[in-house]
Amino acid sequence: EGMNQAILTQVVRQESPDLAFAVKETIQGDLEYAVRAIGNEAFINHHSDGEALFSPESCVKEVKDKNRRLSDIAKDYLSLDDKGRDNTIVLLGSNEDREEVNELIRDGLKEKGKFQGIDHSCSILKSKDMTNIERTHIFNFEIGDIIHFNKAYRSLGIKRYDYLSIVEIDQIKETLVFNKNGKRICWKPGGSAQSKGGAIEVFQRDSSNISAGDFIRWTKNKKSHEVYNTETAKVMSLLGSVAKIKLKTGKTIDIDLTKNTNKHWDYAWSSTVYSAQGKKANNVIAQLESYNPHLTNFRSFYVTLSRAVNKITLYVDNLEESVNTIKKHTGEKSNATTFLQAHLEKKQFEQYIKHAYTKLDGKVHEYVNESSRLVNLAGHYANLFKTKTPYLLATDYKDRNTLNALIRTALKKQGLLNHEDH
């Protein structure tokens, strides 16, 4: 007997008939029907045998100019009352658009008197989102980058959870240089950053303003405070650099904004589609752009549409072209990721070879004749043996035996080995 199976056939999150119909049609791959259903009372009534009479609130708005489109999205959100805003999420494809809409919304809320007191200027830490491979090569780092160590390097005086800023990059020694309490620390990322996986995290410092009344999102876990990545919170009050924060759970905590561990936050007035996965809201205001298949595709359209329970206002630059873009691009990352990873590794290898040439300058010797190559290699080894014990690699067993004999002969000539064998 096999395992019992259950097949989900009913859309249950969407309460509005047009959204439920649109999500179902999207799952089945009929995007034209899905888009036409949004806010279309006559269309839904026709395709539901007259059983779904309702007054739709959702709609699709075509606004060609991007600046105006982002401005309209912010105005749409600002037109809501407090309860409406609490039950609304704003979704953008890119972080750049998200940041711009966040500023527009904050400015609008200031004019409405929704913030108490003046803005407090503080620094925040934004992740560089580097892969394990990227973290092993110093040319991916910049002076001023902040390294968060999740592992101690006791021999260097680096403690677990230290935040250290890069003050210098030594290209020759392939090390990053920090200054900790007046002590110069040189740390080599190659190997350790990759083998230990999450041994380090890399951030860039940015500045931001915060006020009582702000809506923020955590960008890093801090389990001791019940703070979790992507969860939202509200700033209740500010006293100097200390902010009183109300968490999503209802719990209130005080955090010192000057401490590095408390600098992992950003505004939450709007969100990227990617980070909104798993969330839902009664009302969704979103943007899709026909000319950007990386951000406008089947996956992003489905995530955007299915976040809404009762209403969605979808802003597009061109509706027909947006539908065509969604149909042509799945949004699955596997092929793109494989290609980009290969391209990145190729680029890093080229950089490594370019850097290696400077280190090997004058140290590469070419001998066409195999015997001459082995004799000179043995002689070079014997010369180095006077001051240190080098390590020699042979390509095969035969070469190893020949080199051993040649090296012993050379060492005897230099008096570094007894002439008589026993």
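Okay, let's start with helix 1, residues 17-27, which is mostly covered, with 8 of its 11 residues buried. Keep in mind that this is a predicted model. The buried ones are Asp18, Leu19, Ala20, Phe21, Ala22, Val23, Glu25 and Thr26. And just past the end of helix 1 you'll find glycine 29, with a positive phi of about 90 degrees.

So what does helix 1 pack on? One partner is helix 8, residues 298-306: the two axes come within 10 Å and cross at roughly 155 degrees. Angles over 145 degrees count as roughly antiparallel, so that's what we call helix 1 relative to helix 8. The crossing there is left-handed.

If you want to click through the contact, on the helix 1 side it's Leu19, Ala22, Val23, Thr26 and Ile27, and on the helix 8 side Phe298, Phe301, Tyr302, Leu305 and Ser306. Why that kind of spacing? Well, an α-helix has 3.6 residues a turn, so residues three or four places apart point the same way. By type, the contact between helix 1 and helix 8 splits into 8 nonpolar, 2 polar and no charged residues.

Now over to helix 4 and helix 6, which is residues 95-111. These pack at about 45 degrees, with their axes 9 Å apart, and that angle makes helix 4 oblique to helix 6. This crossing is right-handed. From helix 4 the contact uses Lys66, Asn67, Leu70, Ser71, Ile73, Ala74, Tyr77 and Leu78, while helix 6 brings Asp97, Glu100, Val101, Leu104, Ile105, Gly108 and Leu109. The breakdown for helix 4 with helix 6 is 9 nonpolar, 3 polar and 3 charged.

In soluble globular proteins, nonpolar side chains tend to be buried together. Here the largest nonpolar core has 31 residues, and the members touching the most others are Ile73, Ile105, Ile216, Trp218, Ile245 and Trp265. Which helix gives the most to this core? That's helix 4, residues 66-78, with 5 residues. Apart from this core lies another one, of 24 residues, including Leu19, Leu31, Leu91 and Ile326.

One last stop, isoleucine 245. What does it touch, if we skip residues up to four places away in sequence? The list is Ile216, Trp218, Ala233, Lys234, Val235, Met236, Lys251, Thr252, Ile253 and Ile255. Two of the names there, Ile216 and Trp218, also came up among the core residues with the most contacts to other members.

That's it from me.

Terms used. Residues numbered from 1 in each chain as written. Predicted model: local features only at pLDDT ≥ 70, side-chain atom pairs only at ≥ 80, totals over all residues. Heavy atoms only, no water. Core = buried A, V, L, I, M, F, W, Y, C linked by side-chain atoms within 4.5 Å. Buried < 20%, exposed > 50% of the residue type's maximum accessible area, 1.4 Å probe, protein only. Helix = DSSP H or I, 4+ residues; strand = E, 2+ residues; numbered from the N terminus. Contact = heavy atoms within 4.5 Å. Axes fitted to C-alpha atoms, helices over the stretch in contact; angles between N-to-C directions. Parallel < 35°, antiparallel > 145°, perpendicular 65-115°, else oblique. Left-handed = near helix turned anticlockwise from the far one by under 90°. Nonpolar A, V, L, I, M, F, W, Y, C, P; charged D, E, K, R; others polar.
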